[in-house]
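Take each task first, then follow its solution step by step.

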Amino acid sequence: MIKLKYVIKIYPDGTEAVKDFSLEIKKGELCIFLGPSGCGKTTSMKMINRLIPMTSGKIYIDGVDVMKLNPNELRRGIGYAIQNIGLFPHLTVEENITTVPMLKKWPKTRQRARAEELLKLVGMDPQTFLERYPSELSGGQQQRVGVARCLGADPPILLMDEPFGAIDPITRGKLQDEFLKIQSKIKKTIAFVTHDINEAIKMGDKIALMQEGKLVQFNDPATLLNSPKNEFVRNFVGADRVLKGLRLYRARDIMQEPPLKVKVGDNPVKVRDRMKRDMLKWSMLVDGQNHFLGWITYADLEKAKSLREIMVPPAVTTAPETLLNEAMSMMFNSAIGNLAVIDDQEHLLGVLTFDIIRNILGKENSGNQKRFGGSKQ
Amino acid sequence: MRKYIILGLLLGILLGLTIWMTSLGSVGIFKMAPPMKVLSATVRHLQIVEAAELLAITIGIPIGFLSTRRACRFISPVLIGTANVGQTVPTLAFIGIAGAVLGMGYKAAVIALLVYAMLPIIRNTYAGIRSVDPALKAAVKEAARGMGMSMLQVTAKVEMRLAMPIILAGIRTSMVVNVGTAAIAGMIGSGGLGELIVTGIAVRVTQLILQGAAPTAALAIILDALIGGVETWVTPRGLKALKSAQWQQ
Ligand SMILES: Nc1ncnc2c1ncn2[C@@H]1O[C@H](COP(=O)(O)OP(=O)(O)OP(=O)(O)O)[C@@H](O)[C@H]1O
Ligand SMILES: [Mg+2]
C-alpha cells in the first residue's frame, strides 16, 4: 500500500510542480497518474522512491515513512520502469533484467533462473534473447525487457512512467493487453504514469487526474467518465466520453447467448417455424462440435432445401478478450450487424448486437454505475 | 586479415634487422652491443614504459573523470586545454626539460613519460564520458539510480563502462607514444633501447642506431596490437553496435 499525504514539491527555481497531493493506492491496485504534460505526474511518482526529494508532506509504503529508509534499499524494493526504457547498452538482456538481483547479491544460478522466468513472462524466448544486447532488439522487445527488468527482484510495488510510451499504437495495445494479463497474475501495487486517457481507462483500477500539480479527481475509470467533477475533467476526458466507456468492457463481459442456435442437419422448415414463432430475424448455425459456421436469416429460409446453402458466412468474428470499442467497429463490417464471439478453436461462445451495446451505453448515460468496471482483462 | 599479414611482415623485418645488426659483432672500431645487452635494454625499456603507463592510468583516469563533473566545470577547461596543448609539445623538448629540471636517470625519465602519457588518457576519459549521447546517458543513469544503485555504482558500472572503448583507445595511444618517448629518454641516461640509439647517434654509426631503433619500433607494434586485442575483447557487442550507430549518424 502506498499513501501520499499533503505532498508538496517546489523545485529550486520556484516551480510549484506538486501541490498538496494526497492519495492512497491499495495493495494490488493499478493506479494511473493522468494529466496533461507538465502537470506533475512524473514528479509525484518519483517522490515515492525518493528520486526527487519532496519539499514537504509524507509518503508511506505499507505504513513505513519512506524518509526513514535508506534510499538505495528503498529503491531496490520498488520496481522502476521509465519512459525512455533506459536499458544498459553495454549489458546483455540477462544482465539488464538481473540488475536488482545482482545488487541484492543473489546467487548466480538464481539470477539466471529469474531472468529466464521473466523473459517467458513477457513473451520472449530465453534461448533467443538472454545473450542479446539492447541494440539487437526491436523497440517493442526493448519495452518488454524494460518491464521484465522492473520485475527483477519481484518487488511488491512498481513505478512505471509511460512504460509503453515510445512505441507504435498496435504494439502498444498488445503490450498493454499482455501487461494486464501479467498483472492479473502477479497483483502488484502499481503507480502508472500516462497522459493518454485511453490507456488510463484501459489499464487503471483507479485514475488520479492531475492539473497543474493538483489532484483534481481520483476515481475508478467508469466514475471518471460518467461523473466528471468539473469542466477540466470533462474536457480532458473528451466529448466522446460515452464511447470511451466502451473500453471498460471486453466482449466476454457483455456477450449474450445466441437467441437461436441451429445445427447443420436441422430441417429448414422447422427452423423457419421456430423463428416465426419467436419473431427472430436471424439465427446462428453451428456444426456438431459447436463450431460457428455462419448466419441464417429468416427471409432466406423460405425456399431453402438445406441450412448450409443459405448460410451467410461471417465476414468477421471476435475473441472474448476484444475491447468493446474494437468489437463495435467490427460490427459495422459484419453483414448482419451482429458479431459472433468465438474462442481460439472457433467454438461459439456468444453474440454481440447493437442492442446490447446500446443498453450498456444507455445505462452509463443514466448514471447507473452498478454495471460498471467490467473485469480489466 | 591483410592488416595482420602486413603487421606480421613488418615485425619480421624489424626483428630480422635487430638480429642481423647484433650478429655483425663490430663495425670498424665500434663494437655492436652483445645479444644479452640488447635483451636487457629491451627489458629496461619495457620497465620504464610500464611504470609510466600504470601511473598515468591511475592518475589520468580520475583526473579525466573529475573534469566531467559539474563541480569542476570551472577548472576542467584549463585541465583539458593543458592536456591538449601538452601533447603538441615535441617529446624531445619534453624530455630535455625533464632532464634539466629533474636531473638524469631512470626516475626523471619515468616522471617525464608519465606526464606525457597522461595527456591522451585524461583527454580520452573526458571525451569518452562526454561523448555518450546525453539522452541515453540521462535515461540509463536514471534507471540505474531508480533501481537502487549507489552513486559509486552508477559511476563504475554504468558511466565508466559506457566510456570504456574511448578510454582504452586513449591508453593505446599513450602506450605507443610512450615507447617512442622512452627511446628519447635514453638521452637523459634512463637506460633502455634509447641508450643504444643515442650512442649510435653520438658516434654516427647507422648500424648501432638501427640496433636500438628496430626493436623499439617492434615493441611499439606489439604493444599496440596487444591493447587493440584487449580493447576488442572487453568492449561488449552492445557497445560496438552503439558506436557504429553513432558513426553512421
Ligand atoms: N528539475 C526541475 N526543475 C524545475 N522545474 C522542474 C524540474 N522538473 C520538472 N519541473 C517542472 O515541474 C512541472 C511538472 O513536471 P513533471 O515532469 O512532473 O510533469 P509531467 O506531468 O510528468 O509531464 P509529462 O507528461 O510532460 O512528462 C513542470 O512544469 C516542469 O517544468
Ligand atoms: Mg513525465
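**Exercise 1: a helix and its faces**

Task: compare the length of helix α3 (residues 76-88) of chain B with its expected span, then find which of its residues are buried and which are exposed.

Solution. 
- Step 1. Helix α3(B) has 13 residues, and from first C-alpha to last it reaches 19 Å, close to the 18 Å expected at 1.5 Å a residue. The expected span is 1.5 Å times one less than the number of residues. Helices here are DSSP runs of H or I with at least four residues, strands are E runs of at least two, and both are numbered from the N terminus.
- Step 2. The buried residues of α3(B) are B:Ser76, B:Ile80, B:Ala83 and B:Gly86. Buried means under 20% relative accessible area, exposed over 50%, and partly exposed in between, with a 1.4 Å probe and protein chains only.
- Step 3. Looking down the axis of α3(B), these buried residues fall within an arc of 125°, so they line one face of the helix. The arc is taken over the directions from the helix axis to the C-beta atoms.
- Step 4. On the other side of α3(B), the exposed residues are B:Pro77, B:Val78, B:Val85 and B:Thr88.
- Step 5. The cover over the buried residues of α3(B) includes α2 (35-68) and α5 (106-131) of chain B.

A word on conventions: this is a predicted model, where local features need pLDDT of at least 70, side-chain atom pairs count only at pLDDT 80 or more, and totals for chains, interfaces and linings use all residues. Residues are numbered from 1 along each chain as its sequence is written, chains are lettered from A and ligands numbered from 1 in the order in which they are written, and side-chain values use heavy atoms, leaving out hydrogens and water.

**Exercise 2: an enclosed strand**

Task: find which strands pair with β9 (residues 206-211) of chain A, and in which sense.

Solution. 
- Step 1. Strand β3 (residues 30-34) of chain A pairs with β9(A) in the parallel sense over four bridges. Two strands count as paired if DSSP finds at least two bridges between them. Here A:Phe33 stands opposite A:Ala208.
- Step 2. Strand β10 (residues 214-219) of chain A pairs with β9(A) in the antiparallel sense over five bridges, and A:Met210 stands opposite A:Leu215.
- Step 3. β9(A) and β10(A) form a hairpin with two residues between them, and A:Glu212 in the turn has a positive phi of about 45°.
- Step 4. Five of the six residues of β9(A) are buried, so this strand is largely enclosed by the rest of the structure.

Technical notes: Contact means heavy atoms within 4.5 Å.
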